[in-house]
Amino acid sequence: MSDFAVIGERFPRVDAREKVTGEAKYAGDYSMPGMLWCKLLRSPYPHARILDIDASKALKLPGVKGVVTGKDFGGWSWGWMAATRDEVPLAVDKVRYMAEAVAGVAAIDEDTAEEATRLIKVDYEALPGVFDPEEAMKDGAPNVHDYVKNNISVEYHWNFGDVEKAFANSHIVREDRFRTSRATHGYLEPPATLAYYDPTGYITVWAAKQSPYFHYRHLAACFKMPLSKVRVVQPFIGGGFGGTKNDSLAGDFCAVLLSKITGKPVKYVESMEEELATSRRRHSMIVYSKMGVDKEGKITAIAHRVIADGGGYTAIGPLSMYLGGFMTGLPYHLPNFKYDAYRVFTNNPIGAAMRGHGVTHTRFAAEIQMEMIAEEMGLDPVEIRLRNAIDNPKKGKIYETINKVALKTCGIKEAIKEAAKDPLWRDKDKMPKREGDISWGVGLSGTSYSGGARQMGHQACAAIIRLCEDGTVNLITGATDCGQGSDTVLCMIAAEELGVRLDDISIKRVDTAYTPVDPGSYGSRVTILAGQATQKAARQVKKQLVEIAAREWQAKPEDVVIRLGEVSLKSDPTRKMPFIKLARIACYSGTGAVILGTGYSSYGIEHLDLVNGIGNGGTSYSFTAHTARVGVDMGTGQITVSDFTIASDCGRLLSPIPAEGQIEGGAVQGLGQTIYEDFIMDKGKTLNPTFLDYKMPLAMDVPNIKLIDIVTDDPDGPFGAKEASEGSIVSAPPAVVSAIHDATGIWFTELPITPEKIVRALRPKGQR
Amino acid sequence: MKAIRFSVNGKHYDITVPPHRTLLEVIREELGLTGTKEGCGVGECGACTVIMDGKTVNSCLVLAAEADGKEITTIEGLAQGDRLHPIQQAFIDHGGFQCGFCTPGMIMSAKALLDANPRPSEEEIRKGISGNFCRCTGYTKIIESIKAAAKNMEAKP
Amino acid sequence: MVTFYRRLPRFDYLAPKTLDEALSLLSQHKGKAQLIAGGTDIVPQLKGRLVKTPQYIIDLKAIPGLDYIRHDKARGLAIGALATIKSVIDSPVVGEKFSVLAQAAGNMASPQVRNRGTIAGNICNAVPSADSAPALLVLEANLKLVSPGGERTVNIDEFFTGPNRTVLADDEILVEIQLPTPPPKSKGAFLKLGPRKAMDLAIVGVAVLVVPESGKCKDIRIALEAVAPTPIRARQAEAVLREQMFDEKPIAKAAQTAASEAKPISDHRASAQYRREMVEVLVKRAIEQALRS
């Protein structure tokens, strides 16, 4: 019997009906009368100087209403930090990756706009390009940007303890090279925008943005408007996963500018091929990992040298490189740590954020390396992990890593034990090892991810609760549900705090004109941070209502209970009234008071220490133990994944249905990036920008997934919650790689592990 | 220009469109039924799946002109007023969607599957939706939803 | 100059009601017209501007009576130009007597594409990885082509001339695929290789038709896709196994020979070496699977 009335119940999502009926409107579904269509012209070169752009023929095409180029943006540029504002709406002097946008056209329909782009004449001077980050770092490599040396976009050198001494005194030291794939978000909804620049000085945009408030700041800066006059309205969003939809695009800026020029609304929708070929991707990283252990297999030190392909611009790169190092001390004790990270400019599409940001690369390397060491030492994979795993701190205590990442709950040991007890691991030796051509293997991983992320100078997060006179409630927050289910979680939090039913809460869609600021959906922050803001706002409303009920009943406020829409007295349960009655009393009380509650998240005060890597990067940390059963066809190298068991410590799952869906979805996305997904590049050109050849898993490819819920009730999250959306994308790759090793005897260190790579490793010289 | 007469969700339409318009574009932009989505536009993702003369098709690959004389069902045609189709209800109850973008196409594929095969095995379900990508759910709850829908539809035909 | 298209280019659309009308239109607009059946290949090609935009799209689907799958003992199977992949999969006679074709059709693309695409269209599009081609090759299909000048029958062996190229003249229509009844006691298998379990373009595809007699190979036909400029018969491999026992060594030798007959290229999907190795693996497995079926 749960202590909670609403929290933890298996309610369907609050936006369910709209989505299953097709009523939910996404950015591309919006139209306005008189609307024009925007199309972008993009560069055929990955690296070239722009000498001249002649749009005269395009402008003469009937139906074309305007053409813009880089110069029309007045030299404005943007970036994640002041020092890295190197990206421009449309390329001005140079293009730095294949198909970077160089011009935008507005026309009466999309056909005409497309035709017009063919009439724009661009004179390029092709420049030598560089496409491998390790090559790009060398002296003499073509310079992608002139404001840095050796194409180094970001560089961090962190040092904790004494790794050299620790390695010298270790029982075993391994050095291995790992590589993660060129992966992308793969959402089904291509980015889209409908923009209207009102001549009285007001911009309104309906855009698929996971973080509308980043976008409104970019627009305000670009068009020199006050924030109060930039309105980003958030439609339903068809998936985000932390990439392009968290940032602004060429198409966004062009749509607004063309609207300004033409006086009409302008719509921009990307094609999927355009999205796959040009948008931000997960960085592909090379991790040189060095790990030492003592005679018991306890880690003595880790040194990571990471080289990331940053592509043509900085974007969120500084954060990507920070995240790749800051929590290497989780989930296993790490007494000495050195981190040398390089993000390198190349003439490839931009490397940026994606679910599991930064951690997927280094945790993958560290997990596999630990398994390699376990194999060398003859140690059981569960045993070596339990020897190293961090204990769950006792209540009121904090565990701190060597670089001062602090946590109050840590369920990794319990997760590993539960995963080990589960039949998939426990009975693995009883299951057939070989069936015909298929060799089966089982693998295990133990990983962590952070929640409640904060970013530099962009922490504020607030919520407003408004009580309507009929007892229903509006929740108004800037937090974005990009499909992960945060709207449902926030409504449940509000309902729980207020004492009403979930159905009584209605959450407003984000609209920067009306909803309070929120950083957006990334770093698994919404449940924790916007959740805290929601809790506070709800408590404020509840306090007011409780006082009114107390007055009504001449009782003490502490005696008033509100639960599931009913108000009563603890000391006299016969005294009760429906919530709606209390609401009416409150709203029609004659005082003129309007019952509103506001709250903001008080977390996120700490500054991210990018330079030294000291301190927390999140509010709390989830822990995942993941087992995988994988079959490898020893003739063809094809891989079948039959089962996953995922034991997750997410503090407490507030809304189980969406949370489970997130864990499952993250695991499958992680699986995709382990065995199928990779952009194949040829001198800057993406050879497979289609779903046919950028191979995301389909229904026939996914394993049976079993979830085990580990509850640690974290004090820093609403109702004990920690993040639940990214842990499994970190845990899946090492579990699968480990299972493939169990099946084939081979450690694969480069992702994705394609059938061809398996065959090549099994039969290096093409033997039968 | 091409004159087309077809029925969508039981309603008859008589429209004139340029020959190079696809059925997807006409459904969304002429008829205003935006429930059917454009994902990849080249018949790979399944987001644009509709049922045409009883069979699922990628509407982005069908020229509007080719739909002349056809009966088309889109996601908007499943619910009867307030009453959701059992498949829609099952997706709600079992969380068979997250961002919802693939959902209309996925539900149409599920409908066609269950209409042809009311008692599919799990393997048949997976094959039946093998032309529909979902990036959010990992398919687990979609498969559960379809199983539940099959059960409910058998119980209450 | 790079534009990513969301819209099709402009063209005119014609829907002839008879085959004669279609032929006449095709002739009239020689070189400026493109036939459409299922549209699942041509529409993406047009959208991506990968082919020259025709002035006219000629839709064959208004012509009645072209979507048949007919069988009679004497002449074998006749598949009409508009028979969809799905109808081939669902056809009892195909499943029973021409199962290698049913197997090939069963995994093509996606359910939605199978509902719309045609076998005829698949071979007229003529990609080296056309999934129906190996089955049609081992079934030794004959293709009935008609033009205003008359009709001719071309064996599938002569049909493909290069990637995306066939012997079809630009005033010709493929109206029927004829499959002679395979030898009695013959068995077939089709195997396709791709990383995922659905949707993938084949890295290698193999069809075999075996005619076993008391453990001996009375006859065998082997065809390959995606490992040469066109789908091909692996005739040398067949010769190796014909009249031999279906034992491990001869099968292995045949598979090896088939691999040497392949002329694969390396591309972003796979290297030539891997493709060649997989021909050997798949031919061996296909033969074994056919024998077991």
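**Exercises on domains, interfaces and packing**

The centres of domain 1 of chain A and domain 2 of chain A, taken over C-alpha atoms, are separated by 39 Å; domain bounds here come from an automatic or database domain assignment. The model is predicted: local features need pLDDT of at least 70 and side-chain atom pairs count only at pLDDT 80 or more, while totals for chains, interfaces and linings use all residues. Residues are numbered from 1 along each chain as its sequence is written, with chains lettered from A and ligands numbered from 1 in the order in which they are written.

**Exercise: domains of chain A**

List the domains of chain A, then describe the contact between domain 1 and domain 2.

*Solution.* Step one: domain 1 covers 16–23 + 460–600, domain 2 covers 31–127 + 189–238 + 244–278, and domain 3 covers 281–454 + 608–762. Step two: 15 residues of domain 1 of chain A are in contact with 14 residues of domain 2 of chain A, where contact means that C-beta atoms, placed from the backbone, lie within 7 Å. Step three: on the side of domain 1 of chain A that touches domain 2 of chain A, six residues are nonpolar, six polar and three charged. Nonpolar covers Ala, Val, Leu, Ile, Met, Phe, Trp, Tyr, Cys and Pro; charged covers Asp, Glu, Lys and Arg; the others, Gly among them, are polar.

**Exercise: chain A against chain C**

Which helix of chain A gives the most residues to the side that touches chain C, and is that helix mostly covered or mostly exposed?

*Solution.* Step one: the contact joins 34 residues of chain A with 23 residues of chain C. Step two: strand S1 (36–42) and helices H3 (110–117), H8 (272–278) and H19 (755–762) of chain A each supply at least two residues to that side of chain A. Helices (H or I, at least four residues) and strands (E, at least two) are DSSP runs numbered from the N terminus. Step three: H3(A) gives the most, with four residues. Step four: H3(A) is mostly covered, as eight of its eight residues are buried; buried means 20 or more other C-beta atoms within 10 Å of the residue's own, exposed means 12 or fewer, and partly exposed lies in between, with C-beta atoms placed from the backbone. Step five: the buried residues of H3(A) pack against S1, helix H2 (56–60), strand S3 (64–69) and strand S5 (101–107) of chain A.

**Exercise: a sheet in chain A**

Give the strand order of the open sheet of five strands in chain A and find its edge strands.

*Solution.* Step one: the order is S20-S21-S29-S30-S33, with mixed pairing; two strands pair if DSSP finds at least two bridges between them. Step two: strand S20 (434–435) and strand S33 (704–710) of chain A are the edges, each pairing on one side only. Step three: S20(A) and strand S21 (residues 438–451) of chain A run antiparallel and are joined by two bridges. A:Arg434 has A:Ser439, in S21(A), as its bridge partner.

**Exercise: chain B**

How many residues of chain B take part in the contact with chain A, and which element of chain B gives the most?

*Solution.* Step one: chain B puts 40 residues into the contact and chain A 44 residues. Step two: H2(B) gives the most to the side of chain B that touches chain A, with four residues. Step three: that side of chain B has 19 nonpolar, 13 polar and eight charged residues.

Note on methods: Contact = placed C-beta atoms within 7 Å.
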